[in-house]
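Welcome, and take a moment to look at the protein below.

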Amino acid sequence: MKVLLTGHTGFKGSWFSLMLKERGYLLAGLSDQFLVDSLYKVASLNQLYEEEYFVDIRDREAVENSISSYKPDLVFHFAAQPLVRDSYSRPHETFDVNVTGTVNVLEAVRKYDNSLPTLIVTTDKVYKNFGKKEGYVEEDELGGSDPYSASKSAADIVAQSYISSFKLNRTAIVRAGNVIGGGDWSKDRLVPDLIRSLIAQVPAVIRFPDATRPWQHVLDCLSGYLLLSDRLIHGECSGVWNFGPTHAQSREKVSQVVELVLAEWGGKSSWIRDSTPNTMEAHLLDLDSSKARRELHWADVLDFEKSIRMTVDYYKRVIAGEQPIRVMYEQLSEYQNIRNSIPGFEEIS
Ligand SMILES: NC(=O)c1ccc[n+]([C@@H]2O[C@H](COP(=O)([O-])OP(=O)(O)OC[C@H]3O[C@@H](n4cnc5c(N)ncnc54)[C@H](O)[C@@H]3O)[C@@H](O)[C@H]2O)c1
């Protein structure tokens, strides 16, 4: 199986590369760059790839050439400008990368083979947030009050239109929430910001400590993508899928994440509330993932505490000198063991 993964040098792309490689898949990656301190770089994940295309997703011809020359059996589109705060300072670029980039991937797929199994990653933030308590379902209205959310909603609608207009009957859209996990060094994300403060031994400055988010371990989220791709290969399950956390205790406040990370890290550490005015971020948006549970036998298996523990464990081990890729493989194997020991769940290997 030959897989092309866009955004392979990003946080989710890095963990997903490992999961795909574990299955014996052959990999090609498409990204514009990699950051020197990224998980992709520190874990030398380039070794997992037969081909890498360092091109801009906005370059239509380059995207089409990558697909037509690699000839994948399966495509995952992760590449995006994914940061809400950056979307306020760079709205045009955010719309361009997230919307035009998605059009380019779908256009390339349509031209190459419209039955090519393809998974388009959007987000829980695509839903119009009207304060629904019981969780948003796939049919709920889309919206987006900040540029990032609006751009992903637009990308989601683009993908829906390609599925119906061009009979991309093996294409699916996936919507998941805030992921955490080892090795994320993105700026303006809670856990990476915290770890940087801990390393620098300065108090962490926390925005929106009282906000609640649907926290989810990155491996739980990616296991859903993987299960869905298995179905797409067999010509099933195109359309839209939520992959949100189902554990009640995953809906924790930012301050609780902070406290737990500090406790797991150990030693003397503290945090303070950010008093500078901040750009708006959506309040809690809960996903109803019963469709994925019912039809794919998927659910997240790591609860809030375990997700934080595994995340902090990654950083501590790597800072203590262990090889990042080794820690990743060990955590992936631990995750698979937990998942496969729960009866009734689809096995992930
Ligand atoms: N991390 C989260 O909590 C989260 C939550 C919901 C949805 N998502 C979505 O998941 C996907 C992956 O997110 P992530 O956290 O791994 O992000 P990331 O910032 O770590 O990685 C982004 C990837 O996209 C690539 N990219 C960015 N601009 C590009 C361009 N112009 N051309 C080509 N490649 C480009 C980067 O090189 C990188 O490989 C995104 O679509 C994001 O919107 C992430």
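Where is the place of Leu116? Leu116 lies in the loop between α5 (91-112) and β5 (118-121). Before we go on, please note that this is a predicted model, in which local features need pLDDT of at least 70 and side-chain atom pairs count only at pLDDT 80 or more, while totals for chains, interfaces and linings use all residues. Residues are numbered from 1 along each chain as its sequence is written. The names of helices (H or I, at least four residues) and strands (E, at least two) refer to DSSP runs, numbered from the N terminus.

## Single residues

Let us stay with Leu116 for a moment. Leu116 is buried because 20 other C-beta atoms lie within 10 Å. The cut-offs are these: a residue is buried if 20 or more other C-beta atoms lie within 10 Å of its own, exposed if 12 or fewer, and partly exposed in between, with C-beta atoms placed from the backbone. Leaving aside residues up to four places away in sequence, Leu116 touches Val75, Val109 and Arg170; touching, or being in contact, means that the two C-beta atoms, placed from the backbone, lie within 7 Å. Val84 is 32 residues apart from Leu116 along the chain, and the C-alpha atoms of the two are separated by 31 Å.

Now move to Glu52, in strand β3 (residues 51-54). Glu52 has 17 other C-beta atoms within 10 Å, so this residue is partly exposed. Again not counting residues up to four places away in sequence, Glu52 touches Ala28, Gly29 and Asn46. The C-alpha atoms of Glu52 and Glu107 are separated by 20 Å, and these residues are 55 apart along the chain.

Cys237 has a phi near 70°, a positive value in a residue other than glycine. Cys237 sits in the loop between α8 and β11 (239-243). His297 is not a glycine either, yet has a positive phi of about 55°. You can find His297 in the loop between α10 (290-296) and α11.

Is Cys237 buried or exposed? Cys237 is buried, because 21 other C-beta atoms lie within 10 Å. His297 counts as exposed, because 12 C-beta neighbours lie inside 10 Å.

## Helix pairs

Two packed helices are described by the angle between their axes and the distance between the axes. Axes are lines fitted to C-alpha atoms, for helices over the stretch in contact, and angles run from 0 to 180 degrees between N-to-C directions.

| Helix pair | Angle between axes | Distance between axes |
|---|---|---|
| α11 (residues 304-319) and α12 (residues 324-340) | roughly 155° | within 9 Å |
| α9 (residues 254-265) and α11 | about 50° | 10 Å |
| α1 and α8 (residues 218-233) | about 60° | 10 Å |

The crossing at roughly 155° makes α11 roughly antiparallel to α12. As for the terms, angles under 35 degrees count as roughly parallel, over 145 as roughly antiparallel, 65 to 115 as roughly perpendicular and the rest as oblique. In this pair, Met310, Tyr314, Arg317 and Val318 of α11 meet Pro324, Val327 and Gln331 of α12. These contact residues comprise five nonpolar, one polar and one charged. Here Ala, Val, Leu, Ile, Met, Phe, Trp, Tyr, Cys and Pro count as nonpolar, Asp, Glu, Lys and Arg as charged, and the others, Gly among them, as polar.

With an angle of about 50°, α9 is oblique to α11. On the α9 side, Val257, Leu260, Val261, Glu264 and Trp265 meet Glu305, Ile308, Arg309 and Val312 in α11. This contact between α9 and α11 has six nonpolar, no polar and three charged residues.

At about 60°, α1 is oblique to α8. Lys12, Trp15, Phe16 and Met19 of α1 make the contact with Val218, Leu219, Leu222 and Leu226 of α8. Seven nonpolar, no polar and one charged residue form this contact of α1 with α8.

## Around the ligand

How many residues surround the ligand? There are 26, and the closest are Gly7, Gly10, Lys12, Ile57 and Ala80; a residue counts as near if its C-beta atom, placed from the backbone, lies within 6 Å of the molecule. Helix α1 (residues 11-22) gives the largest share of this shell, three residues. The shell divides into 10 nonpolar, 11 polar and five charged residues.
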